[in-house]
Amino acid sequence: MAYENILVETKGAGGGIGIITLDRPEALNALNAALITDLGQALDSYEADENIGCIILTGSNKAFAAGADISEMAPKSFMDAYRENFITDGWERVSQCRKPIIAAVAGFALGGGCEMAMMCDMIIAADNAKFGQPEINLGVIPGAGGTQRLTRFVGKSKAMEMILTGRMMSAEEAERAGLASRVVPVDDLLEEAIGVAEKICKLSQPMTMIAKECVNRAYETTLAEGVRFERRMFHSTFSTEDKAEGMAAFLEKRTAKFKHR
């Protein structure tokens with residue numbers, strides 16, 4: 001399928017990695033309704049493809065995404081935003097993806113761009129990455145989960161400072177604060193993300209999806225309920241062919257051949 005605002009390709013053995021590149025270079029990949037629609041359709045396609053075990057979301061070396069498109073927002077009134085449920089329909093599609101998603105972030109990840117990166121399951125940051133929620137400078141606040149996700153990632157004090165002042169966070173600070181999983185040279189960013197995705201793709205797809213669901217549950221419930229959920233999901237893995245194969249391969253000192261069942 002042809003898209004106007006993103007590029008899509010597959011990599012890895014058997015095409016197991018789906019790569020989505022945000023592609024609005026004239027606007028530093030600013031997120032508008034058309035791009036969000038394209039992104040949702042691409043994610044739907046990759047989710048339906050049994051060969052895809054992991055997805056990478058990235059932008060350019062200059063910008064992952066510099067925010068939501070201001071030219072699209074500026075004319076809206078409260079009633080416009082409320083009636084159309086602005087920055088709702090389609091915007092949470094990344095967080096709803098069941099397959100693992102890696103954000104490979106270079107350059108600016110600001111506003112909606114930072115929020116979209118946080119919707120992914122991990123962030124691998126290039127050494128030139130800059131993260132921030134500068135909406136306060138526009139007379140608004142983050143609207144795609146920034147006040148909620150950033151606080152969960154980096155804690156109240158740092159999130160409050162960034163959101164109230166619009167200060168940007170470097171890649172190194174993002175790693176120290178727990179926002180990014182690692183920092184790599186910008187020229188190696190996609191290669192590093194593909195390397196991580198390849199490791200995930202070699203594993204059982206149902207297991208990576210279940211593991212992702214369990215980790216995400218940690219942010220949605222109490223410790224006791226989270227552990228209870230994890231225990232039940234752990235028990236459920238004993239009904240799968242991949243559990244039997246994985247343990248047999250370990251005991252037989254060979255590489256497991258998962259069937260994703």
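Trainee: At what angle do helix α10 and helix α11 pack, and how far apart are their axes?

Mentor: First, a word on the basis. This is a predicted model, in which local features need pLDDT of at least 70 and side-chain atom pairs count only at pLDDT 80 or more, while totals for chains, interfaces and linings use all residues. Residues are numbered from 1 along each chain as its sequence is written, and side-chain values use heavy atoms, with hydrogens and water left out. Helix α10 (residues 205-217) and helix α11 (residues 223-236) pack at about 170°, with axes 9 Å apart. The axes are lines fitted to C-alpha atoms, for helices over the stretch in contact, and angles run from 0 to 180 degrees between N-to-C directions. Helices (H or I, at least four residues) and strands (E, at least two) are DSSP runs, numbered from the N terminus.

Trainee: Why is α10 called roughly antiparallel to α11?

Mentor: Angles under 35 degrees count as roughly parallel, over 145 as roughly antiparallel, 65 to 115 as roughly perpendicular and the rest as oblique. The angle here is about 170°, and therefore α10 is roughly antiparallel to α11.

Trainee: Which residues make the contact between α10 and α11?

Mentor: Contact means heavy atoms within 4.5 Å. From α10 the contact is made by Ile210, Glu213, Cys214 and Arg217, and from α11 by Gly226, Phe229, Glu230, Met233 and Ser236. By class, the contact has 4 nonpolar, 2 polar and 3 charged residues. In this scheme Ala, Val, Leu, Ile, Met, Phe, Trp, Tyr, Cys and Pro count as nonpolar, Asp, Glu, Lys and Arg as charged, and the others, Gly among them, as polar.

Trainee: Why is the pair of Asp69 and Arg24 said to tie together parts that are 45 residues apart in sequence?

Mentor: The two residues form a salt bridge, with their closest N and O atoms 3.0 Å apart. Asp69 lies in the loop between β4 (63-65) and α2 (70-73), and Arg24 in the loop between β2 (17-22) and α1 (33-48), so the pair ties together parts that are 45 residues apart in sequence. Asp69 counts as buried at 11% relative accessibility, and Arg24 counts as buried at 11%.

Trainee: Which residues are linked with Glu161 and Arg167 in a network of salt bridges?

Mentor: The network links Lys158, Glu161, Arg167 and Glu173. Within it, the closest N and O atoms of Glu161 and Arg167 are 2.9 Å apart. Glu161 is partly exposed at 35% relative accessible area, as is Arg167 at 25%.

Trainee: What makes a set of residues a nonpolar core, and how many residues has the largest?

Mentor: A nonpolar core is a set of buried Ala, Val, Leu, Ile, Met, Phe, Trp, Tyr and Cys residues joined through side-chain atoms within 4.5 Å. The largest has 47 residues, and those with the most contacts inside it are Ile20, Leu57, Val94, Val105, Phe131 and Leu179. Its largest share, 6 residues, comes from α1. A second, separate core of 16 residues includes Ile19, Ile56, Ile102 and Ala193.

Trainee: What makes Lys253 count as exposed?

Mentor: Lys253, in the segment after α12 (241-251), has 76% relative accessibility and therefore counts as exposed. Its phi is near 55°, a positive value in a residue other than glycine.

Note on methods. Salt bridge = Lys/Arg side-chain N within 4 Å of Asp/Glu carboxyl O. Buried < 20%, exposed > 50% of the residue type's maximum accessible area, 1.4 Å probe, protein only.
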